[in-house]
Amino acid sequence: MAGAKEIRTKISSIKSTQKITKAMEMVAASKMRRAQERMRAARPYAEKIRRVIGHIRAASPDYRHPFTVERAVKSVGMVIISTDRGLCGGLNTNLFKAVLIQLREYQAQGVEVQLTLIGSKGLGFFRRLKLPVVSSITHLGDKPHLADLIGTVKVQLDLYLEGKIDRLLVVHNRFVNTMSQKAETLQLLPALVQDTNDLQDRWDYIYEPSAAELLEGYMTRYVESQVYQAAVENVACEMASRMVAMKSASDNAGKLIDELQLIYNKARQAAITKELAEIVGGAAAV
Amino acid sequence: MASSIYVDIVSAEGEIYSGAAAMVFVPAAAGELGIAPRHAPLLTTLKAGEVRVQPAGGGEEQLFWVGGGAIEVQPHLVTVLADTAMRAKDLDEAAALAAKARAEEAIKDRTGAMELAEAQSELLRAAAQIAMINKLRKLKRS
């Protein structure tokens with residue numbers, strides 16, 4: 001039985017790999033459900049506060065918070081949210097590709113870029129590019145905590161306040177559905193103006209208490225909710241992407257096993273036929 | 001429509017209420033605030049208390065409990081950004097009483113200024129919840 005033993009060991013090794021990928025698929029599926037719930041819960045707040053901040057941008061007030069003032073862009077801060085673990089399909093690769101395209105554009109314009117990296121995959125990738133990394137955090141787990149995230153992003157906020165960066169972007173994966181995730185770039189600072197068609201031309205808010213105090217609170221809430229939302233969404237994407245990747249890995253392993261089984265059966269049949277022919281030949285010779 | 005104002009109440013845990021209203025009452029930092037359609041643009045903070053929404057075109061008044069937050073008013077739009085919020089009927093009296101007792105306990109054997117401030121704000125929230133539960137009960141009886 002030439003080669004039959006080798007084929008058998010190969011089949012059993014693929015079978016054990018398949019068991020692992022199946023288990024990972026199921027774990028990812030259950031984690032995805034929870035991550036999705038968390039994402040759905042946080043979404044309305046993030047969207048509404050973005051709208052409010054958009055309105056604040058559109059107002060013509062006496063006092064302007066630094067986070068709402070547009071400046072000429074000489075230097076850009078980027079917060080890149082990636083996963084901590086691999087085996088999740090092309091999720092990180094697609095995200096990094098989108099970032100690289102933007103980086104090239106900024107380089108062509110002679111704009112400096114400072115990075116904040118969340119997730120060890122991003123850290124591993126962008127460290128090689130020799131770009132200034134001002135802060136990073138890894139191993140946040142499946143339930144990112146606001147306190148950890150804010151500490152990391154605060155470095156960029158301080159740079160913004162000092163005028164060292166003129167724009168702050170957050171790059172993360174947007175959860176479209178289980179099958180598709182899209183890399184998305186969100187401009188965090190300065191805040192963007194949003195749907196102003198139903199607003200008057202020149203107006204200002206009544207502030208209660210003072211504008212400075214109020215806006216400070218709004219801005220903190222705004223940044224926190226946007227960063228948290230991006231991180232939570234990225235976790236949901238990670239789980240969905242891993243589930244799909246592991247499912248196709250399990251399917252491929254099944255196909256491979258079927259093919260090898262066929263080859264193994266053929267090899268076994270050929271060996272038996274050969275033995276029989278030898279016996280018959282031997283008997284005829286006597 | 002000039003006679004209604006759109007209300008969105010969201011908390012960090014999800015969307016609580018969204019719909020047109022004839023009048024909205026919120027616990028602003030400087031006292032209770034009634035907001036009618038075409039109100040001037042306003043930004044302020046909220047303290048723990050109740051938010052009342054009178055739906056446009058009549059209907060029963062909706063009660064919500066918020067544990068502080070912020071509010072933005074536009075002539076046609078009110079956005080309540082609550083730190084925590086729930087529908088009044090989901091309020092749990094036992095949980096509120098327990099929280100109040102815990103906060104009072106913490107104030108009694110205080111160890112640090114930070115903890116004291118935290119306990120005091122916790123106490124205020126619990127007291128606001130209990131006041132609202134009592135009010136709800138009265139409403140039901142009458």
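Helices (H or I, at least four residues) and strands (E, at least two) are DSSP runs, numbered from the N terminus. This is a predicted model, in which local features need pLDDT of at least 70, side-chain atom pairs count only at pLDDT 80 or more, and totals for chains, interfaces and linings use all residues. Residues are numbered from 1 along each chain as its sequence is written, while chains are lettered from A and ligands numbered from 1 in the order in which they are written.

**Exercise 1. Describe the build of chain A.**

Step 1: take the elements. Chain A holds five helices and six strands. Along the sequence they follow the pattern α-β-α-β-α-β-α-β-β-β-α.

Step 2: take the dimensions. The C-alpha trace of chain A spans about 115 × 40 × 35 Å along its principal axes. Its radius of gyration, taken over C-alpha atoms, is 28 Å. A compact globule of 286 residues would have a value near 19 Å, by the rule of 2.2 Å times the number of residues to the power 0.38.

Step 3: Domain bounds come from an automatic or database domain assignment. Domain 1 of chain A covers 4-22 + 247-285, and domain 2 covers 35-244. Their C-alpha centres are separated by 53 Å.

**Exercise 2. Describe the build of chain B.**

Step 1: take the elements. Chain B has two helices and seven strands. From the N terminus the order is β-β-β-β-β-β-β-α-α.

Step 2: take the dimensions. The C-alpha atoms of chain B fill a box of roughly 55 × 35 × 25 Å along the principal axes.

Step 3: Domain 1 of chain B is 5-88 and domain 2 is 92-141. Their C-alpha centres lie 22 Å apart. The contact between them takes seven residues from domain 1 and six residues from domain 2. Here two residues are in contact if their C-beta atoms, placed from the backbone, lie within 7 Å. Strand S4 (42-55) and strand S5 (62-74) of chain B each supply at least two residues of the domain 1 side.

**Exercise 3. Work out how chain A meets chain B.**

Step 1: count the residues. Chain A gives 20 residues to the contact and chain B gives 22 residues.

Step 2: find the elements. On the chain A side, helix H1 (4-58), strand S6 (206-208) and H5 each give two or more residues. H1(A) gives the most, with nine residues.

Step 3: sort by class. The chain A side has 13 nonpolar, two polar and five charged residues. Ala, Val, Leu, Ile, Met, Phe, Trp, Tyr, Cys and Pro count as nonpolar, Asp, Glu, Lys and Arg as charged, and the others, Gly among them, as polar.

Step 4: look for paired strands (at least two DSSP bridges between them). S6(A) and S4(B) run parallel, joined by three bridges. One of the bridge pairs is Ile206(A) with Leu42(B).
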